[in-house]
Amino acid sequence: HTIRLSDPYGNSNIYSFIIDKTAPTGKWLNYQGTQEINNNDAVNFDVKFTFDTTDATATLNGKAYTSGDKISQEGIYKIILTDFLGNVSNEYSITIDKTAPEGTLNTTTNFVSLNNQLYTNGNVTFTWTESGCKATLDGNEYSKNQIIRTEWPHVINLYDKAGNISTYTFTIDKTYANFENLLKEDEFDKE
């Protein structure tokens, strides 16, 4: 805006000013800058935050942060931007989680381990405690503690919100002769 102030003698001054009430903005990106990430997301890779507002400064978890600096350690990160007029942004948040989720296989009998493969002649369930995880059983959606009865080699994949995956493989074999042979092989391997 511009204001001209004049007196009756022809003297005048011009005053210019800017009214800016817009908060500065920025965005989360993967560190390579090829993928924009939604605010409040969880990821399992290195990130950076870039400023859309050139005159902004930022704090990352309360400490000074420079636009584009790499963030790689696991944790929850919060960025707040402030422009030179004092306008303050909303909080930008992201969680870096590079740790695979953990689940537990349970059976109505026992598991036998042979050549790094688990076998059982009972039914199996699978559970986990980390919130936000999803699982698949042989490529299909699996609900926590759903009973698995089918004789077959099975694969359970457990995914967390950040995209980390844990894989669990096992075989249900309820045929008596086959399972007894497995037990014998297991005992032989221990000798």
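**View 1. A nonpolar surface patch that includes Leu-5**. Ile-3, Leu-5, Tyr-15, Phe-17 and Ile-19 form a nonpolar surface patch of about 500 Å² (patch residues have over 30% relative accessible area and no salt bridge, and nonpolar side chains are joined within 5 Å; a salt bridge is a side-chain nitrogen of Lys or Arg within 4 Å of a carboxyl oxygen of Asp or Glu; areas follow the Shrake-Rupley method with a 1.4 Å probe). The model is predicted, and local features need pLDDT of at least 70, side-chain atom pairs pLDDT 80 or more, whereas totals for chains, interfaces and linings use all residues. Residues are numbered from 1 along each chain, and side-chain values use heavy atoms, without hydrogens and water. Leu-5 belongs to strand 1 (residues 2-6); strands are DSSP runs of E with at least two residues, numbered from the N terminus. Leu-5 counts as exposed because its relative accessibility is 53% (exposed is over 50%, buried under 20%, partly exposed in between).

**View 2. Strand 10 and its partners**. In strand 10 (residues 92-96), 4 of the 5 residues are buried. Strand 9 (residues 75-82) runs antiparallel to strand 10, joined by 5 bridges, and Ile-79 stands opposite Tyr-92. Strand 5 (residues 42-43) pairs with strand 10 in the parallel sense over 2 bridges, with Val-43 opposite Ile-96. Pairing requires at least two DSSP bridges.

**View 3. The surroundings of Ser-166**. Ser-166, in strand 18 (residues 165-172), counts as buried because its relative accessibility is 10%. Its side chain reaches the backbone oxygen of Pro-101 at 2.3 Å. Beyond neighbours within four places in sequence, Ser-166 contacts Ala-100, Pro-101, Ile-156, Asn-157 and Leu-158 (heavy atoms within 4.5 Å).

Methods:
Buried < 20%, exposed > 50% of the residue type's maximum accessible area, 1.4 Å probe, protein only. Polar contact = N/O pair within 3.5 Å; in protein donor to acceptor, adjacent residues only side chain to side chain. Patch = residues over 30% accessible without salt bridge, like charges linked within 9 Å, V, L, I, M, F, W, Y side chains within 5 Å.
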